[in-house]
Amino acid sequence: MALMDRALAAVDLGAYAEAERFARESVELATAHLGERDPQQAGSAATLALVYFHLTQFDLARDSGERALRLAIAAHGETPPHPRVIEARSIYARALAVSGDLVRGIAMLETALADNRALLGPTNQHAGMLTQNLVGYRLDLGELEHADANAAEAMAILSEHFAPGSLNHAMLEHTRAATRLALRDHATALTLAMRAVETFDKLIGAKHEVAIGARTTVAMALMHEGRLDASAREIDSVVPHLAALAPTNALLARVALARGTIARLQGDRTVAMKHLRGLVESSEAAPKWQRERMRAWAQIGFVQLDQGAPSEAIASFERALKEFERLESQVTPARADALAGLGRARAALRG
């Protein structure tokens, strides 16, 4: 138990390598000395899964999460819902989702949320956090309306616990900004994201990755409103901070897409293609990178249309749309843009 506590304390401090050492030692000791039905077996496995999640070692998080859930059910049963089973299920669900199995991960997270509400009531703080977790996964799957509803619900619940101007409240604002941006409600997205940026800059600094993410959302909202110079200034302001991010961080892909798209709309095709080509040629296989790459292929198609190369544009749009169909369950505005671009390219080729 002490090792689990030390691992969780290290996670809170961002000391993930140290957290992994404590969590692995906890698992090894529990496996050697405790039976499978001992609750500490499940707790140790869940802690290790959580650490792997923060280390972005999602396959290891998924495997540890599956073991944690199995052990938690062995220790506590499935009915009535037990807090440790709910916790293990939610960790496993998140690991499934981020490793690419979004449908299964979302379904499992919804089960954890339903069990939580049955145990603690519909508007408890943990229910709000689980609802908040659903938002990003639904966005990735293309379920934009459902994601937005989850974001609004999470904000309604958690605003009772986190005051405006707090770090957690800013997280809620940025999450809702992301759903409104995806739905092309640029004005609302801009207002929410700018408030989040102000709080992040004040409390944790502009170099923190959540601040970079929120400022990127501001840049994209400005871009969609046609305020290209302001948009370019916003996205340029995050570039000096990118070197501190891990090479696998999906925020790098998001910023590259933003820079390429803004440059395209400004008419700078050379710079646009530099950023977009760099993104599509990257080898990172994480699901979030794949989604940014599919959007980058669509933007490359638009650049090629502007360059008078409809045959090349058709190939780029078709590549993007193949990925949209594989990765998203619904037609989103971004996919609709790619479909419209493909239609324009085919018309241009016919003359």
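**Notebook: helix packing and selected residues**

I began with helix 14 and helix 15, whose axes come within 9 Å and cross at roughly 150°. The model I am reading is a predicted one. An angle over 145 degrees counts as roughly antiparallel, and helix 14 and helix 15 are therefore roughly antiparallel to each other. I noted their crossing as left-handed.

I then listed the residues that bring these two helices together. On the side of helix 14 they are Arg269, Ala272, Met273, Leu276, Arg277, Leu279 and Val280. They meet Trp289, Glu292, Arg293, Ala296, Trp297, Gln299, Ile300, Val303, Gln304 and Asp306 of helix 15.

**Entry on Val280**

Is Val280 buried or exposed? I found a relative accessible area of 11% for Val280; the limit for buried is under 20%, so Val280 is buried. Val280 belongs to helix 14, which covers residues 269–280. Setting aside residues up to four places away in sequence, I recorded that Val280 touches Arg293, Ala296, Trp297 and Ile300. I also looked up Leu257, which is 23 residues from Val280 along the chain; the C-alpha atoms of the two are separated by 9.6 Å.

**Entry on helix 15 and helix 16**

I turned next to the pairing of helix 15 with helix 16. Their axes come within 8 Å and cross at roughly 155°. Helix 15 and helix 16 are therefore roughly antiparallel to each other, and their crossing is left-handed. From helix 15 the contact includes Gln290, Arg291, Met294, Trp297, Ile300, Phe302 and Leu305. From helix 16 it includes Glu312, Ala313, Ser316, Phe317, Ala320, Phe324 and Leu327.

**Entry on aromatic pairs**

How many aromatic pairs are there? I recorded 2 aromatic pairs. Phe53 and Phe58 form an edge-to-face pair, 5.7 Å centre to centre with 65° between the planes. Phe53 counts as buried at 15% relative accessibility, whereas Phe58 is partly exposed with a relative accessible area of 22%.

Phe302 and Phe317 also form an edge-to-face pair, with 4.9 Å from centre to centre and 80° between the planes. This pair links distant parts of the chain, since Phe302 is in helix 15 (residues 287–306) and Phe317 is in helix 16 (residues 310–327), 15 residues apart. I noted Phe302 as buried at a relative accessible area of 11%. Phe317 is buried as well, with a relative accessible area of 0%.

I returned to Phe53 to see what lies over its ring. Arg94 lies over the face of Phe53, at 4.4 Å from the ring centre.

**Entry on helix 8 and helix 9**

Which way does helix 8 run against helix 9? The two helices pack at an angle of about 160°, with their axes 9 Å apart. That makes helix 8 roughly antiparallel to helix 9. I noted that helix 8 passes helix 9 in a left-handed crossing. Among the residues of helix 8 at this contact are Leu144, Ala147, Ala151, Met155 and Leu158. Those of helix 9 include Leu172, Thr175, Arg176, Thr179 and Ala182.

**Entry on Glu143**

I looked up Glu143 in the loop between helix 7 (125–141) and helix 8 (144–158). Glu143 counts as buried because its relative accessibility is 15%, and the limit is under 20%. Leaving aside its neighbours within four places in sequence, I found Glu143 in contact with Ile106, Arg138, Ser329 and Gln330.

**Entry on helix 12**

I asked which residues of helix 12 (residues 228–238) are buried, and found Leu228, Ala230, Ser231, Ala232, Ile235 and Val238. These buried residues pack against helix 11 (209–224) and helix 13 (250–265).

**Entry on backbone geometry in two loops**

Where is Pro80 found? I located Pro80 in the loop between helix 4 (58–76) and helix 5 (83–98). The peptide bond from Thr79 to Pro80 is cis, with omega near -10°.

My last entry concerns Arg184, which has a positive phi of about 70° although it is not a glycine. Arg184 is placed in the loop between helix 9 and helix 10 (186–203). I recorded Arg184 as partly exposed, at 29% relative accessibility.

Conventions
Residues numbered from 1 in each chain as written. Predicted model: local features only at pLDDT ≥ 70, side-chain atom pairs only at ≥ 80, totals over all residues. Heavy atoms only, no water. Helix = DSSP H or I, 4+ residues; strand = E, 2+ residues; numbered from the N terminus. Buried < 20%, exposed > 50% of the residue type's maximum accessible area, 1.4 Å probe, protein only. Contact = heavy atoms within 4.5 Å. Phe/Tyr/Trp six-rings, centres within 6.5 Å; stacked < 30°, edge-to-face > 60°. Lys NZ or Arg CZ within 6 Å of the ring centre and 35° of its normal. Axes fitted to C-alpha atoms, helices over the stretch in contact; angles between N-to-C directions. Parallel < 35°, antiparallel > 145°, perpendicular 65-115°, else oblique. Left-handed = near helix turned anticlockwise from the far one by under 90°.
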